[in-house]
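Please open the structure in your viewer and keep the selection panel at hand. The tour goes from stop to stop, saying at each one what to select and what is there.

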Amino acid sequence: MRLVVQNDKKRRIRRRGARLRGVVAVLAVAAIASGCAQGDIAGQTGGGSPAAGPVPSRSADAPASPPQGTRTPDSTRTPDGTRAPDGRRPQSAQQAHAARVAAARRWRLARVPLVPPPPPRSTPEITTRKGFEVDGHEELGLPPVFTTVPTTRKVVFLTIDDGAEKDPAFLRMMSDLKVPYTAFLSDYVIKDDYGYFERMRRTGTGLHNHTLHHRYLPALSYRRQQYEICGMQDVMEERYGVRPALFRPPFGNYDRDTLRAAKSCGVRYVPLWNEEVFVDHWEYREWDRKIRPGDIVLSHFRGRDEWKGTMPDMIRRFLDKVTAEGFAVARLEDYL
C-alpha cells in the first residue's frame, strides 16, 4: 500500500521537538523562509492586480474614494442589494473603503488588504496533485488531495489548524478586517472552549475536521483512523450543527486507509497547503519560494508560549506579504 507523507512542517502541541518521519516523502518542503520584512506603512506599493495601496497616515483621515479598480466589500448588503437582516442601511463603497482603511491602521498593517472578487459562478474541478495519489485513488473515488485551487485569479486561501490558542484579539482582528479563513480543528485542544469556535463560526468562518486527537494516522489501523475522523465529524455536528466536507490529516500525512476512512465519514476534499506562515517567517513547498494564484496557506492557532509573538502578529506578516504581492484572501469553501 502506498503511503503519502509530507515533510513534517507542523510540530506536536505538547512535543514540539519531535519530528515524525514517514516511509515515502511526496515532495520535500522547500527551505526555510523568506526574510519577508514587515514593511513600513508609508511609501510602499503593491504589485499585480489593483492594490488598495499603503495605509494612509492619520493626517489623511478624510474619507476618500476607493482606488480605481478596487472592489469594496459591503458587509451589510444582501445579495439582492436590499437592507441587511439586522436592519442597517447598506454601506456605500466610500464608507466601506474608509472602514477598511481605518481597520488596517488599527491593526498596524503596512497596506489595506485587497478585496477578493466575488465567488466564481462555477467552481473549478479539483483533482489530486500529481505525486499525492494513493493506490486506487481514482478507481475508489477517494477525496482529492491538493495544495492549490486551479484559478487564474490572484487569490490565496488562509487555513489555520488545530485550535490550541484561543486569542480573543485574533477574533477581533479578523472580524474587523473582514479577512476570510478556514479552520481545521482537533477536539482534544478545542474541547475546553467550544464557544470560542462558535463565535468564529458566526462570522462565516468554515470549521472543518483535523481528527479527534491529532494522531499520526498512517500508523493506525483502518478502524482506528475511521474512529479519529468520523469521531470528529460527530463532535462537529453536535457542537456546530454540520458534518464538515473538508478534512486535513495531521502533519499532512496519510495513506489509502486514511482516505477510505475519510470518504466513509462524508469527507469530500482533503486540502493540504503550498506555503506555511509563522509569526516570524514563511516556509514554502515549491523550489522557487513564490506564492501562486489559488495557493492554500497554512498556519496554526499558537501564541507567545510557542511563537515569538501572537496570532495577530502572524496575521500581520501574512497580510503584509500577500497584499504587497497583489493577492487578495478568498474563502476556500467558495471555490470547492
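## A guided tour

Begin with the lining of the second largest cavity, which by class has 7 nonpolar, no polar and 2 charged residues. To see this lining, select R100, P113, L114, P116, K178, V179, P180, L319 and V329. The space that they line has a volume of about 40 Å³, and a search of the whole structure finds 2 cavities of 30 Å³ or more. Please bear in mind throughout that this is a predicted model.

Now step back and show the whole chain as a cartoon, where there are 7 helices and 11 strands to find. Of the 336 residues of the chain, 54% count as buried. Among the contacts between residues at least 6 apart in sequence, 72% join residues at least 24 apart.

For the next stop, select helix α2, residues 168-177, together with helix α7, residues 311-324. Two packed helices are described by the angle between their axes and the distance between the axes. Here the angle is about 35°, and the axes of α2 and α7 are 8 Å apart. To look at the contact itself, show the side chains of A169, F170, M173, M174 and L177 in α2, which meet M311, P312, I315, R316 and L319 in α7. The residues of this contact divide into 9 nonpolar, no polar and 1 charged. L319, which you selected here on the α7 side, is also one of the residues that line the second largest cavity.

C230 lies in helix α5 (residues 222-240) and C265 in the loop between α6 (256-264) and β7 (270-271), so the pair ties together parts that are 35 residues apart in sequence. If you look along the bond, the torsion about the S-S bond of C230 and C265 is about -90°, so the disulfide is left-handed. With a surface shown over the chain, remember that both C230 and C265 are buried.

The next two stops concern backbone torsions. Most residues other than glycine have a negative phi, and most peptide bonds are trans. Select D162 in strand β3, which covers residues 155-162, where phi is near 85°, a positive value in a residue other than glycine. Is D162 buried or exposed? At 1% relative accessibility, D162 counts as buried, because the cut-off for a buried residue is under 20%.

Then move to F251, in the loop between α5 and β6 (254-255). F251 has a positive phi of about 65° although it is not a glycine. With a relative accessible area of 0%, F251 is buried.

For the last stop, select V189, whose place is in helix α3, residues 187-190. V189 is buried, with a relative accessible area of 7%.

Technical notes
Residues numbered from 1 in each chain as written. Predicted model: local features only at pLDDT ≥ 70, side-chain atom pairs only at ≥ 80, totals over all residues. Heavy atoms only, no water. 1 Å grid on protein atoms, 1.4 Å probe; cavity = no way out; pocket = protein on both sides within 12 Å on 5 of 7 lines; lining within 4 Å. Points joined across faces, edges and corners; volume = space filled by probe spheres on them. Nonpolar A, V, L, I, M, F, W, Y, C, P; charged D, E, K, R; others polar. Axes fitted to C-alpha atoms, helices over the stretch in contact; angles between N-to-C directions. Helix = DSSP H or I, 4+ residues; strand = E, 2+ residues; numbered from the N terminus. Contact = heavy atoms within 4.5 Å. Disulfide = S-S within 2.5 Å. Buried < 20%, exposed > 50% of the residue type's maximum accessible area, 1.4 Å probe, protein only.
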